[in-house]
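Subject: Structure handover and notes

Hello,

Please find the structure below, and read the notes with it open beside you.

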Amino acid sequence: MTTFLIIGAVGLALLLVSLVIGDLLDGFLGGLLDWLESDWFSTAAIGGFVSAFGFGGAIAAGPLGTLPAIGIGAGAGLIFAWFALWLTRLLKEEHTDAAPSGDDAVGRDAAVITTIPAGGFGVIRVTLGGHTVTYNAKAPDTDEPIAPGTAVHVTGVLSPTAVTVAPTWREITS
């Protein structure tokens with residue numbers, strides 16, 4: 001039983017090292033352990049297997065004996081290794097949305113923050129995907145400056161940080 005507990009403790013230590021400093025350790029070893037990060041093996045899965053094998057075997061060794069405890073520990077190890085592999089894959093494959101760009105702003109309404117002079121640049125604020133983004137803005141089709149607070153429509157992209165805008169038309173009320 002003591003042997004199984006020691007195996008379980010070693011597995012927990014490996015699992016802890018894998019989860020806490022796994023990426024740091026991989027960087028120091030210069031790719032020596034790349035085979036452990038394949039589709040079927042990972043240090044987290046090996047740590048999960050070893051710890052579940054040790055603790056599952058220790059639990060089963062008391063009432064059943066050593067030989068059945070090895071089988072039960074191996075079964076528990078496989079289940080925990082699969083779970084650790086599934087969990088690490090889930091975390092590694094999670095993708096986030098790309099940062100909003102000027103192309104995403106085209107066609108959206110925005111508000112002028114600083115005056116856009118005729119032929120010059122000002123600053124606008126537009127909401128993209130729930131985020132407020134500011135861009136330098138130029139209004140090439142107007143001969144008059146556009147005052148702060150004016151609603152504008154983004155019409156094109158000049159660069160990653162600059163867009164073209166046009167004032168929005170207000171509804172005519174009678």
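The notes below go from the whole chain to single helices, then to aromatic rings, and end with contacts between parts of the chain.

This is a predicted model, in which local features need pLDDT of at least 70 and side-chain atom pairs count only at pLDDT 80 or more, while totals for chains, interfaces and linings use all residues. Residues are numbered from 1 along each chain as its sequence is written, and side-chain values use heavy atoms, with hydrogens and water left out.

**The chain**

The chain has 4 helices and 5 strands. Helices (H or I, at least four residues) and strands (E, at least two) are DSSP runs, numbered from the N terminus. Starting at the N terminus, the order of elements is α-α-α-α-β-β-β-β-β. Of the 174 residues, 30% count as buried. Here buried means under 20% relative accessible area, exposed means over 50%, and partly exposed lies in between, with a 1.4 Å probe and protein chains only.

**Helix H2**

Helix H2 covers residues 43–64, which is 22 residues. At 1.5 Å a residue it should span 32 Å, and its end C-alpha atoms are 30 Å apart, so the two agree. The expected span is 1.5 Å times one less than the number of residues. Just after H2, Gly65 has a positive phi of about 105 degrees.

Ser51 lies in H2. Is Ser51 buried or exposed? Ser51 is buried, at a relative accessible area of 7%. A polar atom of its side chain lies 3.2 Å from the backbone oxygen of Gly48. A polar contact is a pair of N or O atoms within 3.5 Å; within protein, one must be able to donate a hydrogen and the other to accept it, and residues adjacent in sequence count only if both atoms are side-chain atoms.

**Aromatic rings**

A pair of aromatic rings is described by the distance of the centres and the angle of the planes. Rings of Phe, Tyr and Trp (its six-membered ring) pair if their centres lie within 6.5 Å; planes under 30 degrees apart count as stacked, over 60 as edge-to-face and the rest as tilted. By this rule there are 4 aromatic pairs. One of them is Phe49 with Phe53, which is stacked, at 6.1 Å centre to centre and 15 degrees between the planes. Phe49 and Phe53 are 4 residues apart in helix H2, so about one helical turn separates them. An α-helix has 3.6 residues a turn, so residues three or four places apart point the same way. Phe49 is partly exposed, at 29% relative accessible area, whereas Phe53 is buried, at 17%.

Trp82 and Trp86 also form a stacked pair, with 6.3 Å centre to centre and 15 degrees between the planes. Both lie in helix H3 (residues 66–92), 4 residues apart, about one turn of the helix. Trp82 counts as exposed, at 55% relative accessibility, and Trp86 is partly exposed, at 42%.

**A surface patch**

Trp82 and Trp86 also belong to a nonpolar surface patch of about 650 Å², together with Phe83, Leu87, Leu90 and Leu91. Patches are made of residues with over 30% relative accessible area and no salt bridge: like charges are joined within 9 Å, nonpolar side chains (Val, Leu, Ile, Met, Phe, Trp, Tyr) within 5 Å. A salt bridge is a side-chain nitrogen of Lys or Arg within 4 Å of a carboxyl oxygen of Asp or Glu.

**Residues apart in sequence**

- Leu14 lies in helix H1 (residues 2–28) and is partly exposed, at 33%.
- Ala74 lies in helix H3 and is partly exposed, at 27%. Its C-alpha atom is 8.7 Å from that of Val50, 24 residues apart along the chain.
- Ala111 is in strand S1 (residues 109–114) and is partly exposed, at 33%. Ala111 and His153 are 42 residues apart along the chain, and their C-alpha atoms are separated by 8.5 Å.
- Arg125 is in strand S2 (residues 121–128) and is partly exposed, at 45%. Arg125 and Asn136 are 11 residues apart in sequence and 9.0 Å apart, C-alpha to C-alpha.

Regards

Notes. Areas by Shrake-Rupley, 256 points an atom, 1.4 Å probe, with all protein chains shown as cover.
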